[in-house]
Amino acid sequence: MKNISSLFLLGLISIQCLAFQANVSRSPAPDWLDPFPISKPAIEENWSYYYLDFERQIHLPKQTTFHHYRYQALTADGIQEMSDISIEFDPSFQKLIFHKIGIERDNKFLNQLNLDKVTTASTESTVERHLYDGSMTALLHLDGVQKGDIIVLSYSIKGFNPVHQGHFSTNLYHGFTIPVNHFNYRVYAGNNQVVYHNDVNIEMEPSIREETSGKVYTWTSSPEKPIELDNNLPVWTLDLPMTAISTQKNWREVVQWAMPLYRFDSNQLTSPIQENLETREKALALIRWVQDEIRYLGLESGIGAYKPNPPPKVYRQKFGDCKDKSLLLVALLKKEGIDAFPLLVNTTYRHNLNKIIPSNSAFDHCVVSLTVDNKNYFVDPTMANQGGDLDHSYFPDYGYGLLIKDDVSELIPLPKPKKPEIDIQEKIYVDSIGGQAMMEIKTIYKGAKADNIRSEFENNPLSSIQKEYLNFYNNLYPGIIETQEMQFYDEQRNGSNEILVKENYKIGQFWLQDEDNTLIYSRIYPLVLESMINYPGATARKSPYALGYPFTFKQETQIMLPEPWTVKDTEVRITEPTYDYSNQIKGFGERISVKYSYDLKQDFLEGELVPEFLSDHEKIRNDLMFTLTYNPGLIADEKSGLALFVFFTVLITTIFFGIKIYRHYDPKPWIYAENKGIGGWLILPAIGLTITPFRITYDFTTVGYLNKALWSNAAAMNLTEAVAFELVYNTCFLVFSILLIVLFYSRRTSIPRLMTIFYATNLVAILTETALTYESVNLDYQLLVQATVAAIIWIPYFNISETVKSTFCKTRKTIEPEPNSFPISIHPTLQQNGNLP
């Protein structure tokens, strides 16, 4: 089949070459031309070449466009680039007529117009997109070009595409990125023709000359300097000054021109889907059938560039271009009673299409609009391997479109596509410190990202994809190997359009040696995110800066370690109108979680915001790396002698003072105390107090305050003072919380003041810790907020509440009577209060 296609294309090219020979000639310049000025050379020292004259004259009644160019080659590169003349035309309806080709040198003209030296080639600019438009390129190589030569070229192309039915449109540019001394454009219109024009990035009214046969429109200009364009411009940017001209007044005229071209008869079609489907299922099945079963191929010579083939023909031959596939889908949908219409769009101008003058050549692509259950949907039939139901199918951001429908007279705005998503879940199992690791990766792709990955797996061998992925991860983990074959799950193709890819790897060199050979370290880095936000640099600018299609990215990497690891919980969060970014690191003893998220909200940025954006993203890229550092000289469970000494010293001291407080601190109870039980709002602080010793003990176990490795890591992170403070504070607070639990449930009178100390101390401790770690880590202020709120609520409560005073009304003497005391008769009220005056 491939050989047959090759022979077909070879035959097509041969026919075109014969047509070329019959449609290329030479003659003097047309007699209808207005004379045009000839510019004098003006040496441009910093350019390899420049234009002296750029001339086009268009005669609409004669359907002829005359071209005249004079340019000077100044350097060897200029000679290399401009000594080969190439002219593109379509021999199916156009004739190429050469008038003059030669070199001006030393006030002499060296003629080089020789048709025998003109060769032909098929234009292949769109072959990679499976489009064969039938155009040919005439090639002529100039002989003996020297530096400083002025090359002169003039020719005419006669014939407009008959599908335009006499209409004409083009863009007349008034500036390029290379110097041009003089622009000259003239358009000759007949008495029954009107030339409409629209300026972009320039204000230039034409001069109009009345003639008996019509009007002559003229635009002339002499730019002072070439146009300087910024890098990384969005594709839809209208960056050059131009005048767009057209003989069509409005979009309604364009629709009326297109209607006859898109007529069809669906009676000759047989539906390729099941009959017992619901309307939405039918629509989706037909869309997927046209996308996947009708091959994308366009033979767009002449009329075929604008007029689609009949749907029955496309149905039979199983291939077609965007117009063919769109009209076939419309015909199939209407045959099933579903309202649908072709929709013309421009994949380059997009949101700027409404700034372009109406014309039938303003579009380069055709898609489909359909209505199901009173809701409009848009589909691109050329996109194979798509997924999702009608509500989850991706439709590109084409900006504006023109419906081919009777009552349409304006462009319609098209919906913004839903943002695609990537969600990566990594789990890394480290077998030993300094040893190897196993990595499991689950990636969920949604929306357009799912379509892309589906197409990748559909069109490439799994072994090739696996190799590509390995090369990608090898940038971070040298020598990584796969342990299982990649797995691809596409169970949601006709629903939410989600794809799951599973990968399993062995990382032999998970730990690396530092330059001083004293530490080993390992790196966690979101390679995928880094590749997605690697925006090109740019200088100060006013023009828009392309960011690419908006997307949402999430990644969580969990590292399972063979021993507890000290990690300071940190979070970085940036929220901007253009993007959101966050990086969260949390430690859970032997497990560490590193989360990244990035949400790009728009596809371009205004020029004045670019420097700050790029500077912020340089900081973000520097923030992406998370490093585990280990000193191999330390035994994993080896204790720090100094830490043990501090711990036991603080513990014994705190227990001593705790016993003192328990025995001797007995404030007098409130005289009106009712000896209530613990209840009401007191339940909440009781719960918090009860779990405090368990939380502190858990922290001691997981963080490892007594381990030498912790102190080594703390020194590397400039956190020694913070860790020392936490050790002392947690030791004191452990004993203090146990003392408070005993006093709280004994309802001792000391509780109100001690609970005040409890909440105030907790707040001060967190403030101190914040101050000690402020410059070393990015802090999560949630604990500080919680401690502040708790202090504000409970400190006044324990000092003002009558419930508190009526509950905590016992002293140690009433709970533990001294031996050999004599019984006394006490008034019942005083006995209830539990204390003698």
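In what order do the strands of the open sheet of 3 strands stand? The order is S30-S31-S38, and the pairing is antiparallel. The edge strands are S30 (512-513) and S38 (626-630), each pairing on one side only. Strands here are DSSP runs (E, at least two residues), and helices are runs of H or I with at least four residues, numbered from the N terminus. Two strands pair if DSSP finds at least two bridges between them.

The model is predicted: local features need pLDDT of at least 70, side-chain atom pairs count only at pLDDT 80 or more, and totals for chains, interfaces and linings use all residues. Residues are numbered from 1 along each chain as its sequence is written, and side-chain values use heavy atoms, leaving out hydrogens and water.

Stay with the sheet. S31 (residues 520-524) is joined to S38 by 5 bridges, and the two run antiparallel. Tyr521 stands opposite Thr629 in S38. Strands of a sheet pair through backbone hydrogen bonds, either parallel or antiparallel.

Now turn to strand S9. S9 (residues 136-141) is joined to S4 (residues 84-89) by 6 bridges, in antiparallel fashion. Ile87 has Ala138 in S9 as its bridge partner. S7 (residues 119-122) also runs antiparallel to S9, with 4 bridges. There, Ala121 has Thr137 as its partner in S9.

Next, a loop. Asn374 sits between strand S21 (365-372) and strand S22 (375-379). Is Asn374 buried or exposed? Asn374 counts as exposed because its relative accessibility is 80%. The cut-offs are under 20% relative accessible area for buried and over 50% for exposed, with partly exposed in between (1.4 Å probe, protein chains only). Asp339 is 35 residues from Asn374 along the chain, and their C-alpha atoms are separated by 9.8 Å.

Helix H12 (residues 683-704) comes next. Its 22 residues should span 32 Å at 1.5 Å a residue, and the end C-alpha atoms are 32 Å apart, so the two agree. The expected span is 1.5 Å times one less than the number of residues. H12 has a kink of about 35° at Thr692, shortly before the proline Pro693. The bend is the angle between axes fitted to the seven residues ending at a residue and the seven starting there. Both Thr692 and Pro693 are buried. Other buried residues of H12 include Leu689, Ile696 and Phe700.
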